[in-house]
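User: I'd like to go through the labels used for this structure and see what stands behind each one. Can you take me through them?

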Amino acid sequence: MRQNTSSPRQCLPFQCFHTSTGPGRLQNHAVLYVRGANHKRLKISLVTFPQHEPVLSLMSYTGSSSGIHRYSCQMDIGSGVNFQRYCFRICLLSLPDEDGNQTAQDVVWYSSLGMSREMPLLQHCFAYEVFNTHPQWAPDLICYEVLPDRFASSQGFFTVDGTKVSAEEPVRERDFEYTDLNSVHCGGDLDGVSDMLPYIRGLGCDCVILNQIFKSPSVTKEDTSDFDTVDPHFGGNGALKRLRALTMGYEMKILLHGSFAHTGDSHPWFDRQERTGKGALHHSDSPYREYYTFNSDGEPCYDLNLATLPKLDYASHEVRYAMFEGPNSFTRKWLRQPYAIDGWIIDQVAEVGDNGSSRGNPKRVAQICKSARETHIDCFMVGNFKSDPRYALNSANNVDGTINYTGFLRPMRAFFAGTSLEGDPVPYTGEDLRRACEEFAVGLSQQEKVCLINELDNSSLPRFYMAIGKDRNLYMAALAAMYTWRGIPCIYQGDELADVIASGSIGPTSMIPFASMRDHHASPCCADIQDMLSELAAMRRENPALSRGTMVFIASGGAYFAFIRLYDRRFSIVFVNASHQQVHIQQESMLFPLLCAMYLPDDCREDHSSDSGETLLIPLSGRNVRRTDHGEGLDSLYEMLGRETLSVSCYGATRTSDELQQKFIKELCSGRALTVPSRSTLIVSNSEERKS
């Protein structure tokens, strides 16, 4: 979904807006709104690619309102694959001659990248799924991610080398200067997670994401030694059964991280330690030799170049049978009762493939997903891609979503912290963020976009709170932005601790003072953030625009950006200002998408005036045209906004107040410049009730 509010190309000054990719309205119709040229001089075609070749369908003009013209066309959904692409061809006709004939004088194309003179590339077109194959419950999730060994212990305290460690206060690593905490188990377990479920549910989260839990010698459990057993440190298989039973009582989902690309080097199939006498590493005649790939020197291929992670070869039928094809395979077993998890997060998903490489990756990942859905028809399959995942998202029957590194985590950390994920300084502006996130969204369907998981922290990254310089106001603003972003928000354990993270030097894999966190007395700031997360969760569930709506950027600048979420007759307008000064944003036509999507009547009538909408013309080569402000003619929008029951919430340096709400709504409904407070996220939402 893309608007063209201020094209830098002088030859493309008018605006278009397309709404049919937003769910909840006209699912099988393409609707295009055009502003800036008389409708009598426009001939617009919908261009679809049902068999990968362009098919043009003439769109019908259905009326005008407020100088905006509405065109509609039935989507061609009767042929081709489920995942369809389309764009629009807009032809400017000449003025009628004496006989009333008109000829084409200029042609532009409108796609997910905006307007262009050339027919857009297929991957740049709008995307559409004829049938939504993704779990219907997934977009409504709010997740809480757990590193089990460091989250909570059923004993009520952690244990390090036999020493009892209180969970009431942060654990400082300097207290264990002679112990490598990255190599010892600290006592967290799945029964401890079960004990924390009321707390997690109280934050508004309805899904627990468990990092690796299967038997392994390491703390992070990435080097799996037994795919059939939950690690005894976490309570074994019985603990997962108990956790599953309790989450069902709380109406919560469970997602598991799983290593599908590799095993650990202690796995009996590989057996570096020579415990079985028939491991693939030391025995060329091993029955598991074909499970892995060896070069001419007999050296195995490793994942991430780590000797503890020998790479599985999915060209082997035995590997496929053990990992996803067999009735009791890794993929299927944990999706069935009594564990009945709700989905998988496939770690290192881009590394899954044949012959020690990622060859055949989309095919193998799709096969894993197919087996999972055969076992649990409504399971949620997520890929953990660190780079661009669109090749998998846009292939048939593949993952439903991904951990959203490219379209959220990377640009958001760069914007707020000024550093890349690799720790390099990045002078990142709101315009950079808008560009990066819009370009990532190109070619993805709306159904996929709302299944992406957004997070600011995880177990492999420095704490976001530390990265932004311990600025609690900026921290709260970033969390509010995450909850209003398109996709599924995910809190990583301890994100709610804020200043406690700094005082206790709590890193991504540190022990969490879960007792004080659970009892809401870790710190006043922590209590504020816990309350804020609960409030944001309630806001998200009350307004479907925040969970299922489309997202359109409407403004961006040096240290700010703004976007609209739209769904049927509900909306939220979100302004994020990371600077130390308030910013003033001129409205002009920034709310043009809102007017199109919300307030143009479906039965608007044809405008017979001779010069309607001719404030902006598509110029011909070498001609000068009159240009006017893009905000002209939007008076009806402000009138409609004045009839809405609007609420304003603010998180960060400025908090929600009646005075702020009245002032901002007055600015918004009068078309004046909007004042956004410093280091804050401001959210304006409408309700189902309208003023009489």
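**Labels and their grounds**

Analyst: Let's start with one residue pair in this predicted model: isoleucine 573 sits opposite valine 684 of strand 29.

User: What makes strand 25 and strand 29 a pair?

Analyst: Pairing takes at least two bridges. Strand 25 (residues 570–577) and strand 29 (residues 680–690) have six bridges, in the antiparallel sense, so they count as a pair.

User: Which sheet do they belong to, and in what order do its strands run?

Analyst: An open one of five strands, ordered 23-24-25-29-27, with antiparallel pairing. From one strand to the next, the twist averages 20°.

User: Why are strand 23 and strand 27 called edge strands?

Analyst: Strand 23 (550–556) and strand 27 (644–652) each pair on one side only.

User: What lies across strand 25, strand 27 and strand 29?

Analyst: Helix 20 (residues 658–670), which runs at about 120° to strand 27.

User: Why is histidine 69 called buried?

Analyst: The cut-off is under 20% relative accessible area. Histidine 69 has 0%, so buried is the label. This histidine 69 is in strand 6 (residues 68–74).

User: How do you know that histidine 69 and serine 64 make a polar contact?

Analyst: Their side chains are joined at 2.6 Å, and the limit for N or O atoms is within 3.5 Å.

User: And histidine 580, buried or exposed?

Analyst: Exposed means over 50%; histidine 580 has 63%, so it counts as exposed. Histidine 580 lies in the loop between strand 25 and strand 26 (583–585). Beyond neighbours within four places in sequence, histidine 580 contacts Asp471, Ser678 and Arg679.

Technical notes:
Residues numbered from 1 in each chain as written. Predicted model: local features only at pLDDT ≥ 70, side-chain atom pairs only at ≥ 80, totals over all residues. Heavy atoms only, no water. Helix = DSSP H or I, 4+ residues; strand = E, 2+ residues; numbered from the N terminus. Axes fitted to C-alpha atoms, helices over the stretch in contact; angles between N-to-C directions. Contact = heavy atoms within 4.5 Å. Buried < 20%, exposed > 50% of the residue type's maximum accessible area, 1.4 Å probe, protein only. Polar contact = N/O pair within 3.5 Å; in protein donor to acceptor, adjacent residues only side chain to side chain.
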